[in-house]
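Student: I have a model open and would like to go through it with you. Could we take a look together?
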Amino acid sequence: MSTTRQQGFFITFEGADGSGKSTQMRLFAARLRQAGHTVVETVEPGGTRIGGAIRAILLNPENHDLSPRAELLLYFAARAQNVDQLLLPALERGEIVLSDRWTDSTYAYQGHGRQLGTDVVVELDHVACRGHRPDLTIWVDIDLETGLERARARNAETGASAESRMDEQARDFYARVRQGYVELERLDPGRIRRVEGAGTPEEVAERVWAEWRRFEAAHV
Ligand code: TMP
């Protein structure tokens with residue numbers, strides 16, 4: 001199998017806090033590399049030096065006075081930097097880019113969770129991403145209670161100081177976030193593939209791999 005593709009692919013991992021999507025992305029990246037692909041991993045917010053600085057502002061618990069619209073614009077500022085500096089060059093090299101979250105997160109968290117509406121998210125996506133969208137999105141879906149349990153356990157492990165501002169949000173916020181993902185899947189079922197997040201990481205990884213194989217069969 002070739003190590004570098006003619007045309008790159010852009011694949012994103014989505015899901016609520018505690019869904020296990022970051023673990024799944026790591027397992028998937030390793031498996032793709034084993035299969036001979038060149039893989040670049042990024043994260044939103046973050047992924048670049050400037051994106052990392054923006055992430056620090058967004059997730060700092062002291063920034064409880066950050067206005068929801070300023071927050072929205074910062075997520076897209078980090079993403080615009082990621083597009084120009086990391087995503088487009090890697091796709092041009094024919095590599096597979098994996099991102100831990102992308103605009104679907106903004107749609108679900110800011111559009112639905114913070115109730116800023118989804119039209120503004122779609123508009124800003126055009127500015128930040130210039131029409132570049134994921135080819136495939138794996139939505140790791142977990143029921144609300146399990147997600148909250150896992151997010152709380154992670155916070156307890158990392159200590160209160162590492163607790164993110166977002167993790168302090170209330171249960172109904174996360175219920176709205178999940179509704180955002182449900183809506184996205186309904187609007188774009190070809191791109192957004194829902195993967196059941198219950199079970200061991202290995203079990204979930206098999207489901208993710210099956211989605212990739214389906215995508216690969218249709219696109220390669
Ligand atoms: P992470 O824990 O998956 O790295 O994500 C960090 C937090 O940022 C998480 O609570 C979701 C939130 N977030 C948004 O609210 N909007 C966005 O556009 C992105 C990318 C993340």
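Student: Where is the place of Arg 55?
Tutor: Arg 55 lies in helix H2, residues 49-58; helices are DSSP runs of H or I with at least four residues, numbered from the N terminus. This is a predicted model, in which local features need pLDDT of at least 70, side-chain atom pairs count only at pLDDT 80 or more, and totals for chains, interfaces and linings use all residues. Residues are numbered from 1 along each chain as its sequence is written, and side-chain values use heavy atoms, with hydrogens and water left out.
Student: What does Arg 55 touch?
Tutor: Not counting residues up to four places away in sequence, Arg 55 touches Val 43, Glu 44, Pro 45 and Gly 46 (contact means heavy atoms within 4.5 Å).
Student: Turning to the ligand, which residues come nearest?
Tutor: Of the 14 residues around the ligand, the nearest are Asp 17, Lys 21, Arg 101, Thr 106 and Gln 110; a residue is near a molecule if one of its heavy atoms lies within 4 Å of it.
Student: Which helix gives the most to that shell?
Tutor: H4 does, with 4 residues. Helix H3 (68-92) and helix H4 (103-113) each supply at least two.
Student: How far is an oxygen atom of the ligand from an N or O atom in the side chain of Thr 106?
Tutor: The distance is 2.6 Å for Thr 106, and for Tyr 75 a ligand oxygen is 3.2 Å from a side-chain N or O atom. A polar contact is a pair of N or O atoms within 3.5 Å.

Conventions. A polar contact is a pair of N or O atoms within 3.5 Å; within protein, one must be able to donate a hydrogen and the other to accept it, and residues adjacent in sequence count only if both atoms are side-chain atoms.
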